[in-house]
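Please keep the sequence and the model at hand while going through the numbered points.

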Amino acid sequence: MGTTDLLLPDGRNLRVHDSEGDGFPLVWHHGTPQSGRLLPPVVEAAAARGFRVVSYARPGYGGSAPQVGRTVGSAAEDVRQLADALDLPRFAVLGASGGGPHTLACAALLPDRVTAAVCLAGLAPYSEEYDWYGGMVDDSSLRAARKGRETRLQHGETQEFDPTSFTDADWAALRGTWGPLGEDAGAAGDVAAEADDDLAYVAPWGFSAADVRMPVLLVHGGEDQIVPVSHSEWLLRNLPDAELWLRPRDGHISVLNALPTALDWLRNLHDCP
């Protein structure tokens with residue numbers, strides 16, 4: 001596995017992680033907060049199905065320079081740059097939680113490069129047409145972001161994670177297969193980077209769901225109390241070519257146990273060996 005620091009045209013550094021090999025490329029988009037480093041359960045499940053995993057740290061995380069004012073759609077140009085640097089003419093995209101919107105950004109804005117997308121427990125664009133916050137145990141960070149960057153930064157200085165946001169199944173997943181995700185999230189926290197993520201989630205994304213004209217698989221837990229399933233239901237209604245796998249007993253983390261099966265779906269599209 002390799003780690004590369006890319007100097008982007010705007011002068012920022014972008015830290016990229018690559019499992020390497022000759023498998024079909026799969027760009028992983030991490031959640032909030034995460035460092036962007038490759039997670040063993042992701043790499044292992046992908047490698048078993050013929051995929052090479054590339055990940056990167058979003059601006060402000062894990063060695064990547066901040067980008068104040070970034071939108072969700074900004075991720076697409078960063079991914080285009082890393083794909084050019086690694087000579088990846090075509091690739092699939094996959095993201096979990098806050099990585100979901102950035103996965104859709106690449107699908108919408110890089111149609112010449114992206115082949116298909118998978119979103120696990122991903123957010124939908126902010127909307128007042130339904131209760132966008134409904135079902136979240138703690139929506140305070142996102143509500144603070146709606147009031148602006150300074151309010152969100154101040155909120156982040158005192159915010160503490162509410163453990164009831166995770167279900168029993170979530171905690172079991174973190175004690176088992178997804179322990180590396182929990183460890184990475186604990187070490188990756190950055191008040192400003194998290195604020196910039198939340199600001200991007202609740203502002204216009206820079207593209208619409210209708211722009212995503214390729215197959216999208218949505219996977220969501222029916223007991224998710226961080227990103228309620230209503231988000232994937234909205235995406236299902238508004239994406240041109242999407243299907244939703246609802247896992248009624250899963251929460252926000254335990255739904256990641258569906259990753260191997262989701263990768264099977266992706267492999268079938270790409271005819272991987």
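1. The structure under discussion is a predicted model. Its residues are numbered from 1 along the chain as the sequence is written.

2. **The sheet as a whole.** Strands of a sheet pair through backbone hydrogen bonds, either parallel or antiparallel. Here eight strands form an open sheet with mixed pairing, and their order is β1-β2-β4-β3-β5-β6-β7-β8. The edge strands are β1 (2-7) and β8 (242-247), each of which pairs on one side only. From one strand to the next, the twist averages 20°.

3. **Strand β4 and its neighbours.** How many bridges join β2 to β4, and in which direction do these strands run? There are three bridges, and the two strands run antiparallel; within this pairing, Val-16 has Tyr-56 of β4 as its bridge partner. By contrast, β3 and β4 run parallel and are joined by five bridges. Trp-28 has Ser-55 of β4 as its bridge partner.

4. **The β7-β8 end and helix α9.** Strand β7 (residues 216-221) runs parallel to β8, and six bridges join the two. Leu-217 stands opposite Glu-243 in β8. Helix α9 (residues 230-238) packs on the sheet, where it touches β7 and β8, and its direction makes about 160° with that of β8. The buried residues of α9 include Ser-230, His-231, Ser-232, Trp-234 and Leu-235. These buried residues pack against α3 as well as β7 and β8.

5. **Helices α2 and α3.** Helix α2 lies across β1, β2 (13-18), β3 (24-29), β4 (51-56) and β5 (91-96), and runs at about 125° to β4. Helix α3 (residues 99-109) is largely enclosed by the rest of the structure, because ten of its eleven residues are buried. Among the buried residues of α3 are Gly-99, Pro-101, His-102 and Cys-106.

6. Rolling a probe the size of a water molecule over the atoms shows where empty space is left. The structure holds one cavity of 30 Å³ or more, and the largest cavity has a volume of about 40 Å³. Which element gives the most to its lining? Helix α2 (residues 74-85) does, with three residues. The lining includes Tyr-56, Arg-58, Ser-74, Asp-78 and His-102. By type, the lining residues divide into three nonpolar, four polar and three charged.

7. **The largest pocket.** About 960 Å³ of space lies in the largest pocket. It is lined by 39 residues, of which Thr-32, Pro-33, Phe-161, Glu-194 and Ile-226 are the closest to its centre. The elements that give two or more residues to this lining are α4 (140-146), α7 (179-188) and α8 (191-202), and α7 gives the most, with four. The lining residues of the pocket comprise 19 nonpolar, 14 polar and six charged.

8. **Backbone geometry to check.** Most residues other than glycine have a negative phi, and most peptide bonds are trans. The peptide bond from Thr-32 to Pro-33 is cis, with omega near -10°; Pro-33 is found in the loop between β3 and α1 (40-47). Asp-87, in the loop between α2 and β5, has a positive phi of about 60° although it is not a glycine. Ala-121, in the loop between β6 (114-120) and α4, likewise has a positive phi, of about 55°. Are these two residues buried or exposed? Asp-87 counts as exposed at 64% relative accessibility, whereas Ala-121 is buried at 1%.

9. **Glu-223.** This residue is found in the loop between β7 and α9, and is partly exposed, with a relative accessible area of 39%. The C-alpha atoms of Glu-223 and Thr-167 are separated by 7.5 Å, although the two residues are 56 residues apart along the chain. Leaving aside residues up to four places away in sequence, Glu-223 touches Thr-167, Pro-248, Arg-249, Asp-250 and Gly-251.

Notes:
Predicted model: local features only at pLDDT ≥ 70, side-chain atom pairs only at ≥ 80, totals over all residues. Heavy atoms only, no water. 1 Å grid on protein atoms, 1.4 Å probe; cavity = no way out; pocket = protein on both sides within 12 Å on 5 of 7 lines; lining within 4 Å. Points joined across faces, edges and corners; volume = space filled by probe spheres on them. Nonpolar A, V, L, I, M, F, W, Y, C, P; charged D, E, K, R; others polar. Buried < 20%, exposed > 50% of the residue type's maximum accessible area, 1.4 Å probe, protein only. Pairing = 2+ DSSP bridges. Axes fitted to C-alpha atoms, helices over the stretch in contact; angles between N-to-C directions. Contact = heavy atoms within 4.5 Å.
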